[in-house]
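Load the model and switch to a cartoon view. The stops below go from a sheet to a pair of helices.

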Amino acid sequence: MTKTAIITGITGQDGAYLAELLLSKNYTVWGTYRRTSSVNFWRIEECGIQNHPNLHLVEYDLTDLGSSISLIQKVQPDEIYNLAAQSFVGVSFDQPNTTTQITGVGALNLLEAIRLTNPKIRFYQASTSEMFGKVQAIPQIEETPFYPRSPYGVAKLYAHWMTINYRESYGIFGSSGILFNHESPLRGREFVTRKISDSVAKIKLGKLDSLDLGNIDAKRDWGFAKEYVDGMWRMLQADQPDTYVLATNRTETVRDFVRIAFKVAGIQVEFNGAAEDETAVVTAIDVECPVKIGQTVMRVNPKFYRPAEVELLIGNPAKAKAKLGWAPTTTLEQLCQMMVETDLRRNASGFSF
Ligand code: NDP
Ligand code: GDR
(Lines give C-alpha, C1' and ligand atoms only; values in the text may rest on other atoms or scores of the structure.)
(Ligands and ions follow the chains in the order given, each with its own letter.)
Protein backbone atom coordinates (compact mmCIF):
# COMPACT_ATOMS: atom_id res chain seq x y z
CA MET A 1 0.00 0.00 0.00
CA THR A 2 1.39 3.43 -0.87
CA LYS A 3 1.92 5.84 1.99
CA THR A 4 1.21 9.53 2.36
CA ALA A 5 3.65 11.85 4.11
CA ILE A 6 3.68 15.49 5.08
CA ILE A 7 7.05 17.24 5.00
CA THR A 8 7.08 20.61 6.72
CA GLY A 9 9.80 22.86 5.27
CA ILE A 10 10.00 21.34 1.78
CA THR A 11 11.68 24.52 0.50
CA GLY A 12 14.71 23.80 2.72
CA GLN A 13 17.73 21.59 2.05
CA ASP A 14 16.50 18.48 3.85
CA GLY A 15 12.89 18.92 2.73
CA ALA A 16 13.91 18.76 -0.94
CA TYR A 17 16.10 15.68 -0.50
CA LEU A 18 13.53 13.89 1.66
CA ALA A 19 10.76 14.60 -0.84
CA GLU A 20 12.94 13.16 -3.60
CA LEU A 21 13.58 10.04 -1.51
CA LEU A 22 9.94 9.47 -0.54
CA LEU A 23 8.72 10.00 -4.11
CA SER A 24 11.22 7.38 -5.25
CA LYS A 25 9.58 5.04 -2.73
CA ASN A 26 6.13 5.71 -4.22
CA TYR A 27 4.88 7.93 -1.42
CA THR A 28 2.37 10.67 -2.00
CA VAL A 29 4.13 13.73 -0.58
CA TRP A 30 2.54 16.89 0.73
CA GLY A 31 5.23 19.52 1.14
CA THR A 32 4.51 22.69 3.06
CA TYR A 33 5.81 26.13 2.20
CA ARG A 34 5.26 29.53 3.76
CA ARG A 35 3.40 32.47 2.31
CA THR A 36 6.19 34.91 1.53
CA SER A 37 6.53 37.70 -1.01
CA SER A 38 8.61 35.47 -3.26
CA VAL A 39 8.40 31.73 -2.74
CA ASN A 40 11.58 29.79 -3.43
CA PHE A 41 11.25 26.39 -5.02
CA TRP A 42 14.80 26.31 -6.40
CA ARG A 43 15.77 23.25 -4.37
CA ILE A 44 12.90 21.03 -5.51
CA GLU A 45 13.64 22.27 -9.02
CA GLU A 46 17.30 21.26 -8.62
CA CYS A 47 16.06 17.80 -7.55
CA GLY A 48 13.82 17.71 -10.64
CA ILE A 49 10.67 16.85 -8.68
CA GLN A 50 8.67 20.09 -8.96
CA ASN A 51 6.23 18.58 -11.46
CA HIS A 52 6.08 15.10 -9.98
CA PRO A 53 2.45 13.89 -10.06
CA ASN A 54 2.65 12.61 -6.46
CA LEU A 55 4.02 15.85 -5.05
CA HIS A 56 1.56 18.40 -3.66
CA LEU A 57 2.66 21.77 -2.36
CA VAL A 58 0.56 23.40 0.30
CA GLU A 59 0.78 26.72 2.11
CA TYR A 60 1.23 26.35 5.83
CA ASP A 61 2.76 28.05 8.85
CA LEU A 62 4.06 25.93 11.69
CA THR A 63 3.18 28.55 14.30
CA ASP A 64 -0.56 28.19 13.62
CA LEU A 65 -2.17 25.31 15.54
CA GLY A 66 -5.42 25.58 13.58
CA SER A 67 -3.62 25.21 10.26
CA SER A 68 -1.73 22.18 11.61
CA ILE A 69 -5.03 20.53 12.50
CA SER A 70 -6.70 21.32 9.18
CA LEU A 71 -3.64 20.22 7.21
CA ILE A 72 -3.69 16.81 8.88
CA GLN A 73 -7.46 16.48 8.47
CA LYS A 74 -7.16 17.29 4.77
CA VAL A 75 -4.15 15.09 3.96
CA GLN A 76 -4.70 12.14 6.34
CA PRO A 77 -0.98 11.30 6.36
CA ASP A 78 0.70 8.13 7.59
CA GLU A 79 3.87 10.03 8.47
CA ILE A 80 4.84 13.62 9.27
CA TYR A 81 8.43 14.84 9.01
CA ASN A 82 8.79 18.12 10.87
CA LEU A 83 11.73 19.79 9.17
CA ALA A 84 10.45 23.37 9.30
CA ALA A 85 12.36 25.68 11.59
CA GLN A 86 14.12 29.00 11.95
CA SER A 87 17.29 26.97 11.57
CA PHE A 88 20.07 29.56 11.52
CA VAL A 89 21.83 29.67 14.89
CA GLY A 90 23.27 33.16 14.36
CA VAL A 91 19.84 34.70 13.68
CA SER A 92 18.37 33.02 16.74
CA PHE A 93 20.39 35.42 18.95
CA ASP A 94 18.76 38.40 17.19
CA GLN A 95 15.27 36.85 17.00
CA PRO A 96 14.94 34.61 20.07
CA ASN A 97 11.15 34.91 20.33
CA THR A 98 10.46 34.15 16.69
CA THR A 99 12.89 31.25 16.85
CA THR A 100 11.15 29.88 19.94
CA GLN A 101 7.71 30.14 18.33
CA ILE A 102 8.72 28.44 15.10
CA THR A 103 11.43 26.02 16.16
CA GLY A 104 10.08 25.12 19.60
CA VAL A 105 6.33 25.72 19.87
CA GLY A 106 5.83 24.87 16.18
CA ALA A 107 6.71 21.25 16.90
CA LEU A 108 4.25 21.21 19.81
CA ASN A 109 1.51 22.45 17.47
CA LEU A 110 2.06 19.43 15.24
CA LEU A 111 2.15 17.02 18.17
CA GLU A 112 -1.09 18.49 19.51
CA ALA A 113 -2.67 18.28 16.08
CA ILE A 114 -1.68 14.60 15.85
CA ARG A 115 -3.05 13.90 19.34
CA LEU A 116 -6.35 15.59 18.54
CA THR A 117 -6.89 14.19 15.05
CA ASN A 118 -5.16 10.83 14.62
CA PRO A 119 -2.64 9.59 17.22
CA LYS A 120 -1.57 6.78 14.87
CA ILE A 121 0.36 9.15 12.61
CA ARG A 122 4.10 8.64 12.84
CA PHE A 123 6.06 11.82 13.63
CA TYR A 124 9.70 12.71 12.98
CA GLN A 125 11.22 15.64 14.84
CA ALA A 126 14.34 17.28 13.39
CA SER A 127 16.45 17.56 16.52
CA THR A 128 20.04 18.71 16.47
CA SER A 129 23.55 18.37 17.84
CA GLU A 130 23.19 22.04 18.86
CA MET A 131 21.32 20.65 21.90
CA PHE A 132 24.70 19.32 23.15
CA GLY A 133 26.15 22.84 22.87
CA LYS A 134 28.85 23.10 25.54
CA VAL A 135 29.59 19.43 25.24
CA GLN A 136 29.57 17.21 28.31
CA ALA A 137 31.21 14.17 26.64
CA ILE A 138 33.22 13.30 23.52
CA PRO A 139 31.91 11.89 21.26
CA GLN A 140 28.26 12.74 21.84
CA ILE A 141 25.69 9.94 21.90
CA GLU A 142 21.94 9.72 22.65
CA GLU A 143 22.57 9.71 26.43
CA THR A 144 25.00 12.65 26.53
CA PRO A 145 23.57 15.44 28.73
CA PHE A 146 22.36 18.52 26.87
CA TYR A 147 23.72 22.06 27.32
CA PRO A 148 22.37 24.28 24.50
CA ARG A 149 24.24 27.51 23.79
CA SER A 150 21.79 29.50 21.65
CA PRO A 151 18.08 30.36 21.54
CA TYR A 152 17.91 27.94 18.60
CA GLY A 153 19.45 25.12 20.65
CA VAL A 154 17.10 25.81 23.56
CA ALA A 155 14.04 25.86 21.28
CA LYS A 156 15.09 22.58 19.65
CA LEU A 157 15.59 21.00 23.06
CA TYR A 158 12.04 21.97 24.02
CA ALA A 159 10.72 20.33 20.84
CA HIS A 160 12.87 17.27 21.46
CA TRP A 161 11.50 16.76 24.98
CA MET A 162 7.94 17.44 23.79
CA THR A 163 8.33 14.66 21.24
CA ILE A 164 9.47 12.28 24.00
CA ASN A 165 6.72 13.51 26.29
CA TYR A 166 4.00 12.85 23.68
CA ARG A 167 5.52 9.43 23.06
CA GLU A 168 5.37 8.56 26.76
CA SER A 169 2.09 10.30 27.63
CA TYR A 170 -0.09 9.45 24.63
CA GLY A 171 1.71 6.57 22.91
CA ILE A 172 2.36 8.69 19.83
CA PHE A 173 5.01 7.27 17.49
CA GLY A 174 7.31 10.28 17.79
CA SER A 175 10.95 9.76 16.89
CA SER A 176 13.66 12.34 17.33
CA GLY A 177 16.74 12.42 15.14
CA ILE A 178 19.67 14.22 16.75
CA LEU A 179 21.36 15.13 13.51
CA PHE A 180 24.82 16.61 13.36
CA ASN A 181 25.63 19.17 10.65
CA HIS A 182 24.82 17.90 7.19
CA GLU A 183 25.60 19.82 4.08
CA SER A 184 25.18 19.65 0.31
CA PRO A 185 25.00 21.84 -2.77
CA LEU A 186 21.42 22.62 -1.60
CA ARG A 187 22.64 24.19 1.67
CA GLY A 188 21.61 27.81 2.26
CA ARG A 189 24.42 30.31 1.67
CA GLU A 190 24.15 31.66 5.23
CA PHE A 191 25.66 28.42 6.60
CA VAL A 192 29.43 28.26 6.77
CA THR A 193 30.18 25.36 4.39
CA ARG A 194 28.09 26.76 1.55
CA LYS A 195 29.31 30.29 2.26
CA ILE A 196 32.83 28.91 1.80
CA SER A 197 32.12 26.78 -1.30
CA ASP A 198 30.27 29.64 -3.00
CA SER A 199 32.95 32.21 -2.09
CA VAL A 200 35.81 29.94 -3.17
CA ALA A 201 34.07 29.49 -6.53
CA LYS A 202 33.66 33.27 -6.90
CA ILE A 203 37.30 33.88 -5.93
CA LYS A 204 38.50 31.27 -8.42
CA LEU A 205 36.42 32.94 -11.16
CA GLY A 206 37.69 36.42 -10.26
CA LYS A 207 34.25 37.58 -9.04
CA LEU A 208 35.37 38.08 -5.41
CA ASP A 209 38.73 38.93 -3.80
CA SER A 210 38.34 37.55 -0.33
CA LEU A 211 35.93 35.91 2.10
CA ASP A 212 35.15 37.02 5.69
CA LEU A 213 34.46 34.41 8.38
CA GLY A 214 33.91 34.36 12.16
CA ASN A 215 35.23 31.63 14.46
CA ILE A 216 37.36 29.38 12.24
CA ASP A 217 38.45 27.25 15.21
CA ALA A 218 34.94 25.82 15.68
CA LYS A 219 34.88 22.08 15.05
CA ARG A 220 31.99 20.34 13.37
CA ASP A 221 30.99 16.81 12.39
CA TRP A 222 29.90 17.38 8.78
CA GLY A 223 28.03 14.75 6.72
CA PHE A 224 26.16 14.66 3.41
CA ALA A 225 22.49 15.68 3.70
CA LYS A 226 21.19 13.13 1.19
CA GLU A 227 22.35 10.30 3.44
CA TYR A 228 20.82 11.90 6.53
CA VAL A 229 17.28 12.11 5.11
CA ASP A 230 17.47 8.36 4.53
CA GLY A 231 18.14 8.02 8.26
CA MET A 232 15.00 10.07 9.01
CA TRP A 233 12.91 7.72 6.89
CA ARG A 234 14.42 4.65 8.57
CA MET A 235 13.49 6.05 12.00
CA LEU A 236 9.81 6.09 11.04
CA GLN A 237 9.93 2.52 9.62
CA ALA A 238 11.28 1.05 12.88
CA ASP A 239 9.08 -1.04 15.20
CA GLN A 240 9.31 1.47 18.04
CA PRO A 241 9.71 5.24 18.26
CA ASP A 242 13.09 6.25 19.61
CA THR A 243 15.89 8.84 19.62
CA TYR A 244 18.91 8.44 17.33
CA VAL A 245 22.15 10.30 16.66
CA LEU A 246 23.11 10.63 12.98
CA ALA A 247 26.72 11.75 12.53
CA THR A 248 30.03 10.72 10.92
CA ASN A 249 32.20 10.44 14.07
CA ARG A 250 34.80 12.76 12.50
CA THR A 251 35.29 16.39 13.41
CA GLU A 252 37.23 19.13 11.62
CA THR A 253 37.63 22.88 12.05
CA VAL A 254 36.08 25.54 9.84
CA ARG A 255 39.71 26.38 8.97
CA ASP A 256 40.15 22.83 7.61
CA PHE A 257 37.03 23.20 5.47
CA VAL A 258 38.45 26.44 4.03
CA ARG A 259 41.73 24.70 3.19
CA ILE A 260 40.01 21.72 1.55
CA ALA A 261 37.65 23.95 -0.45
CA PHE A 262 40.48 26.04 -1.90
CA LYS A 263 42.40 22.86 -2.70
CA VAL A 264 39.42 21.57 -4.71
CA ALA A 265 39.64 24.81 -6.71
CA GLY A 266 43.37 24.26 -7.30
CA ILE A 267 44.47 26.97 -4.86
CA GLN A 268 46.74 26.26 -1.89
CA VAL A 269 46.48 28.55 1.14
CA GLU A 270 48.39 29.07 4.37
CA PHE A 271 46.95 30.58 7.52
CA ASN A 272 48.77 33.52 9.14
CA GLY A 273 48.22 35.65 12.21
CA ALA A 274 46.31 34.92 15.38
CA ALA A 275 42.65 35.00 16.39
CA GLU A 276 40.92 38.13 15.09
CA ASP A 277 43.80 38.97 12.71
CA GLU A 278 44.01 35.57 11.06
CA THR A 279 44.09 35.40 7.29
CA ALA A 280 44.49 32.77 4.58
CA VAL A 281 47.06 33.70 1.95
CA VAL A 282 47.58 31.96 -1.40
CA THR A 283 50.88 30.05 -1.53
CA ALA A 284 50.48 28.00 -4.72
CA ILE A 285 48.09 27.73 -7.65
CA ASP A 286 47.88 24.71 -9.93
CA VAL A 287 45.24 26.01 -12.33
CA GLU A 288 44.79 29.02 -14.55
CA CYS A 289 42.78 31.68 -12.72
CA PRO A 290 42.87 35.38 -11.83
CA VAL A 291 44.05 34.64 -8.26
CA LYS A 292 47.63 35.72 -7.40
CA ILE A 293 50.22 34.14 -5.12
CA GLY A 294 50.35 36.24 -1.94
CA GLN A 295 46.69 37.29 -2.27
CA THR A 296 44.68 37.27 0.96
CA VAL A 297 41.61 35.18 0.23
CA MET A 298 40.12 34.86 3.72
CA ARG A 299 39.97 37.18 6.72
CA VAL A 300 38.57 36.67 10.19
CA ASN A 301 35.86 39.25 10.85
CA PRO A 302 34.55 39.40 14.45
CA LYS A 303 31.21 40.55 13.02
CA PHE A 304 30.49 36.86 12.46
CA TYR A 305 31.27 35.78 16.04
CA ARG A 306 28.30 34.55 18.08
CA PRO A 307 27.52 35.68 21.65
CA ALA A 308 28.04 32.06 22.77
CA GLU A 309 29.73 29.47 20.59
CA VAL A 310 29.51 25.70 20.24
CA GLU A 311 33.19 24.86 19.96
CA LEU A 312 33.26 21.13 19.29
CA LEU A 313 30.77 18.62 17.96
CA ILE A 314 31.44 14.99 17.11
CA GLY A 315 28.74 12.32 17.17
CA ASN A 316 28.83 8.56 17.39
CA PRO A 317 26.02 7.04 15.28
CA ALA A 318 26.54 3.47 16.58
CA LYS A 319 22.91 3.12 17.70
CA ALA A 320 21.55 4.14 14.29
CA LYS A 321 23.91 1.69 12.65
CA ALA A 322 22.91 -1.18 14.94
CA LYS A 323 19.13 -0.55 14.98
CA LEU A 324 18.45 1.12 11.62
CA GLY A 325 21.31 -0.15 9.47
CA TRP A 326 22.23 3.49 8.80
CA ALA A 327 25.82 4.55 8.14
CA PRO A 328 27.29 7.58 6.35
CA THR A 329 29.63 6.93 3.43
CA THR A 330 30.52 10.32 1.92
CA THR A 331 33.80 11.74 3.26
CA LEU A 332 34.27 15.41 4.08
CA GLU A 333 36.66 15.71 1.14
CA GLN A 334 34.06 14.25 -1.26
CA LEU A 335 31.33 16.48 0.20
CA CYS A 336 33.47 19.61 -0.10
CA GLN A 337 34.44 18.70 -3.66
CA MET A 338 30.79 18.21 -4.63
CA MET A 339 29.87 21.62 -3.16
CA VAL A 340 32.76 23.59 -4.67
CA GLU A 341 32.37 22.01 -8.11
CA THR A 342 28.63 22.70 -8.09
CA ASP A 343 29.21 26.32 -7.07
CA LEU A 344 31.87 26.74 -9.75
CA ARG A 345 29.32 25.60 -12.35
CA ARG A 346 26.59 27.78 -10.87
CA ASN A 347 28.72 30.90 -10.66
CA ALA A 348 29.97 30.42 -14.19
CA SER A 349 26.37 30.28 -15.43
CA GLY A 350 24.96 33.13 -13.32
CA PHE A 351 22.89 30.96 -10.93
CA SER A 352 22.17 33.08 -7.85
CA PHE A 353 20.80 30.93 -4.99
P1 NDP B 1 16.53 24.98 6.15
O2 NDP B 1 16.80 26.24 6.87
O3 NDP B 1 17.17 24.78 4.81
O4 NDP B 1 14.94 24.81 5.95
C5 NDP B 1 14.05 25.19 6.93
C6 NDP B 1 12.65 25.12 6.37
O7 NDP B 1 11.71 25.55 7.37
C8 NDP B 1 12.40 26.01 5.14
O9 NDP B 1 11.64 25.31 4.21
C10 NDP B 1 11.60 27.16 5.73
O11 NDP B 1 10.77 27.79 4.80
C12 NDP B 1 10.76 26.42 6.75
N13 NDP B 1 10.14 27.30 7.74
C14 NDP B 1 10.73 28.26 8.47
N15 NDP B 1 9.81 28.86 9.27
C16 NDP B 1 8.62 28.27 9.02
C17 NDP B 1 7.30 28.46 9.52
N18 NDP B 1 7.03 29.39 10.44
N19 NDP B 1 6.32 27.67 9.05
C20 NDP B 1 6.56 26.73 8.10
N21 NDP B 1 7.80 26.52 7.58
C22 NDP B 1 8.81 27.27 8.05
O23 NDP B 1 16.91 23.77 7.11
P24 NDP B 1 17.54 22.33 6.78
O25 NDP B 1 16.82 21.74 5.64
O26 NDP B 1 19.00 22.44 6.78
O27 NDP B 1 17.16 21.54 8.11
C28 NDP B 1 15.90 20.88 8.25
C29 NDP B 1 15.58 20.76 9.73
O30 NDP B 1 16.60 20.02 10.39
C31 NDP B 1 15.49 22.08 10.47
O32 NDP B 1 14.51 21.95 11.45
C33 NDP B 1 16.86 22.23 11.11
O34 NDP B 1 16.77 23.03 12.26
C35 NDP B 1 17.16 20.78 11.44
N36 NDP B 1 18.55 20.42 11.48
C37 NDP B 1 19.36 20.70 10.42
C38 NDP B 1 20.66 20.27 10.42
C39 NDP B 1 21.58 20.56 9.29
O40 NDP B 1 22.80 20.40 9.47
N41 NDP B 1 21.08 20.92 8.13
C42 NDP B 1 21.22 19.51 11.55
C43 NDP B 1 20.25 19.24 12.60
C44 NDP B 1 18.98 19.67 12.55
P45 NDP B 1 11.24 29.11 3.97
O46 NDP B 1 11.87 28.57 2.72
O47 NDP B 1 9.97 29.81 3.71
O48 NDP B 1 12.18 29.87 4.84
P1 GDR C 1 25.70 25.62 12.86
O2 GDR C 1 26.11 25.90 11.35
O3 GDR C 1 25.67 26.85 13.67
O4 GDR C 1 26.58 24.51 13.33
O5 GDR C 1 24.19 25.14 12.70
P6 GDR C 1 26.85 27.11 10.65
O7 GDR C 1 27.31 26.59 9.35
O8 GDR C 1 26.05 28.36 10.67
O9 GDR C 1 28.12 27.36 11.62
C10 GDR C 1 29.08 26.35 11.84
C11 GDR C 1 30.26 26.95 12.60
O12 GDR C 1 30.96 27.84 11.75
C13 GDR C 1 31.27 29.02 12.47
N14 GDR C 1 31.45 30.13 11.54
C15 GDR C 1 30.53 30.66 10.73
N16 GDR C 1 29.22 30.32 10.54
C17 GDR C 1 28.54 31.03 9.62
N18 GDR C 1 27.26 30.68 9.39
N19 GDR C 1 29.07 32.08 8.94
C20 GDR C 1 30.38 32.46 9.11
O21 GDR C 1 30.85 33.39 8.49
C22 GDR C 1 31.14 31.71 10.05
N23 GDR C 1 32.42 31.76 10.46
C24 GDR C 1 32.61 30.81 11.36
C25 GDR C 1 30.06 29.20 13.38
O26 GDR C 1 30.37 30.12 14.43
C27 GDR C 1 29.85 27.76 13.83
O28 GDR C 1 30.71 27.46 14.89
C29 GDR C 1 23.82 24.26 11.65
C30 GDR C 1 22.35 24.55 11.29
O31 GDR C 1 22.00 23.80 10.14
C32 GDR C 1 21.44 24.17 12.42
O33 GDR C 1 20.08 24.30 12.01
C34 GDR C 1 21.72 22.71 12.79
O35 GDR C 1 20.90 22.33 13.87
C36 GDR C 1 23.17 22.53 13.16
O37 GDR C 1 23.96 22.91 12.05
C38 GDR C 1 23.51 21.10 13.52
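**Stop 1: the sheet**

Begin with the open sheet of four strands, ordered β8-β15-β14-β13 with mixed pairing (strands are DSSP E runs of at least two residues, helices H or I runs of at least four, numbered from the N terminus; two strands pair if DSSP finds at least two bridges between them). This is a predicted model, in which local features need pLDDT of at least 70 and side-chain atom pairs count only at pLDDT 80 or more, while totals for chains, interfaces and linings use all residues. Residues are numbered from 1 along each chain as its sequence is written, and chains are lettered from A and ligands numbered from 1 in the order in which they are written.

Select 211–213 and 267–272: these are the edge strands β8 and β13, each pairing on one side only. From one strand to the next, the twist averages 25 degrees.

Now select 279–285 and 296–300, the antiparallel strands β14 and β15, joined by three bridges. A280 has M298 of β15 as its bridge partner.

**Stop 2: the helix across the sheet**

Select 254–264. This is α9, which lies across β8, β13, β14 and β15 and runs at about 155 degrees to β13 (axes are lines fitted to C-alpha atoms, for helices over the stretch in contact, and angles run from 0 to 180 degrees between N-to-C directions).

**Stop 3: two helices**

Select 96–117 and 151–170: the axes of α5 and α6 come within 8 Å and cross at roughly 15 degrees. Helix α5 is therefore roughly parallel to α6 (angles under 35 degrees count as roughly parallel).

Note on methods
Parallel < 35°, antiparallel > 145°, perpendicular 65-115°, else oblique. Contact = placed C-beta atoms within 7 Å.
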